[in-house]
Amino acid sequence: MTSSFEFHTYPARVSDAQRDRVLGVLREGAAQGKLSHDTFMRRMELALSAHRPEELAALTADLRAESRWTRGLFRAVGAASGFPARVRRAWQAERLPKLLLPAPSPYPVLIGRDPANGLRLTHETVSRMHAELTVRDGRWILRDLGSTNGTCVNGQRVTGAVSVRDGDQVSFGRIVFRLSAPAPKPPEEPRRSA
């Protein structure tokens, strides 16, 4: 006689957490050079379509998990190896020519090779109408005008408009400046009548 409560055992399903752990191990393996790009992409596809934990385990079997000490060592070596590049960037940043932000005006300052621009840059990597600076709500806004060689702020290419301030590094094509705000005017002293 069989009971109405029969227990069926179904194969264990892959949880999102298990899948995320495997994807992380695969990303780490690719970053450390243990997997080629093609192998990494194929295993990512297989991990996303896996139905059983055994399938996931097979994808990372050859990628030995690093100990916490080893991961810390890799991070320390990575930080130390990047240090000279950070020092070089900082050193060069201080030596950049300064671009003094003009006094706020309701009109934009046009930047480019065209002689009619407020800031004319005669370098071949600068477009005729390259970018513009405007003041909105007391903040300077830099907008690229569809230039060929791009406008960058602190190493990031500008798409659309971006807020800029004193100390930012800006480049128009291959011409690079450090933005500098004008010195504040001293308060005027009241006039005394004689």
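Tutor: Let's begin with Leu 99, whose bridge partner in S10 is Leu 179. This is a predicted model, where local features need pLDDT of at least 70, side-chain atom pairs count only at pLDDT 80 or more, and totals for chains, interfaces and linings use all residues. Residues are numbered from 1 along each chain as its sequence is written, and side-chain values use heavy atoms, with hydrogens and water left out.

Three bridges link S1 to strand S10 (residues 175-180), and the two pair in the parallel sense. A strand here is a DSSP run of E with at least two residues, numbered from the N terminus, and two strands pair if DSSP finds at least two bridges between them. Both S1 and S10 belong to an open sheet of five strands with mixed pairing, in the order S1-S10-S9-S6-S7. Strand S1 (98-100) and strand S7 (156-157) stand at the edges with a single partner strand each, so one side of each has no neighbour in the sheet.

Now follow another set of strands. Strand S4 (residues 131-136) pairs with strand S5 (residues 139-144) in the antiparallel sense over six bridges. Within this pairing, Ala 131 has Asp 144 of S5 as its bridge partner. S4 and S5 form a hairpin with two residues between them, and Asp 137 in the turn has a positive phi of about 55°. S5 is also joined to strand S8 (residues 161-164) by four bridges, and these two run antiparallel. There, the bridge partner of Arg 143 is Ala 161 in S8.
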